[in-house]
Amino acid sequence: MKKILSLFAIIGIILASNCSRIPVNNDPIIGYWERVEVKATSQTGKNIVLQEWTFNDAYLGRYNQILNHEQTIKTDFGWKEEDGVYTISYPGTDLSDQQVTLLSTDVGDQLVDGQGAVVAIRN
């Protein structure tokens with residue numbers, strides 16, 4: 001009798017583990033986004049700041065900031081979407097949370113902040 005109960009327990013465990021599925025995340029924000037800024041300075045002429053966000057389907061991503069070809073920030077971030085507004089948070093850093101919306105235009109997809117300023121473009 002113990003062998004039969006053990007067999008049913010093993011079969012139950014196998015069936016339960018095969019039934020769980022990871023939900024597919026097809027959010028349009030998933031992918032690579034960037035922003036390039038050229039800031040004029042009095043001594044060196046200009047600073048080039050490149051910001052890169054890579055969003056993945058597990059509601060996580062990687063953020064990089066590069067100043068004049070030298071990486072200044074490299075961190076992971078989490079993101080969530082609620083009513084069309086995406087909140088990007090950078091835990092463990094002093095970077096503040098960002099709220100952006102996805103805007104599709106003739107020139108491509110853009111992430112814009114609450115005032116309508118472009119935060120990043122899809123590349």
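Student: What makes the contact of Glu37 with Arg35 a salt bridge?

Tutor: In this predicted model, the closest N and O atoms of Glu37 and Arg35 are 3.9 Å apart. A salt bridge asks for a side-chain nitrogen of Lys or Arg within 4 Å of a carboxyl oxygen of Asp or Glu, and the pair is therefore counted as one, since 3.9 Å is within 4 Å.

Student: Why is Glu37 called partly exposed, and why is Arg35 given that label too?

Tutor: Glu37 has 25% relative accessibility, and Arg35 has 29%. Buried means under 20% and exposed means over 50%, with partly exposed in between, so Glu37 at 25% is partly exposed, and so is Arg35 at 29%.

Student: How many salt bridges does the structure hold?

Tutor: There are three, and one of them joins Asp76 and Arg62, whose closest N and O atoms are 2.7 Å apart. This pair links distant parts of the chain, because Asp76 belongs to strand E4 (residues 70-82) while Arg62 belongs to strand E3 (residues 60-67), 14 residues apart. Asp76, with a relative accessible area of 42%, is partly exposed, and Arg62 is partly exposed as well, at 34%.

Student: What makes the meeting of Arg122 and Asp109 a salt bridge?

Tutor: The N to O distance between the side chains of Arg122 and Asp109 is 3.2 Å, which is within the 4 Å cut-off, so the pair qualifies. Here too distant parts of the chain are linked, with Arg122 in strand E8 (residues 118-122) and Asp109 in strand E7 (residues 108-112), 13 residues apart. Arg122 has 27% relative accessibility and counts as partly exposed, and Asp109, at 23%, is also partly exposed.

Student: Which elements make up the protein chain, and in what order do they run?

Tutor: The protein chain has one helix and eight strands, and from the N terminus on they run α-β-β-β-β-β-β-β-β.

Student: How do you know that the protein chain is more spread out than a compact globule?

Tutor: Its radius of gyration is 22 Å, whereas the globule rule gives 14 Å for 123 residues, and because 22 Å is well over that value, the chain is described as more spread out than a compact globule. Taken along the principal axes, the box filled by its C-alpha atoms is roughly 85 × 30 × 25 Å. Of the 123 residues, 25% count as buried.

Student: Why is Asp83 called exposed, while Tyr59 is called partly exposed?

Tutor: Asp83 lies in the loop between E4 and E5, and its relative accessibility is 75%, which is over the 50% cut-off, so Asp83 counts as exposed. Tyr59 lies in the loop between strand E2 (46-55) and E3, and its relative accessible area of 43% falls between 20% and 50%, so Tyr59 is partly exposed.

Student: What is the phi of Tyr59, and what is the phi of Asp83?

Tutor: Phi of Tyr59 is near 60°, a positive value in a residue other than glycine. Asp83 also has a positive phi without being glycine, with a value near 55°.

Student: Where is Asp97 found, and which residues is Asp97 in contact with?

Tutor: Asp97 is in the loop between strand E5 (85-89) and strand E6 (98-105). Leaving aside neighbours within four places in sequence, Asp97 is in contact with Thr87, Ile88, Ser89 and Tyr90.

Note on methods
Residues numbered from 1 in each chain as written. Predicted model: local features only at pLDDT ≥ 70, side-chain atom pairs only at ≥ 80, totals over all residues. Heavy atoms only, no water. Buried < 20%, exposed > 50% of the residue type's maximum accessible area, 1.4 Å probe, protein only. Helix = DSSP H or I, 4+ residues; strand = E, 2+ residues; numbered from the N terminus. Rg over C-alpha atoms; globule rule 2.2 N^0.38 Å. Contact = heavy atoms within 4.5 Å.
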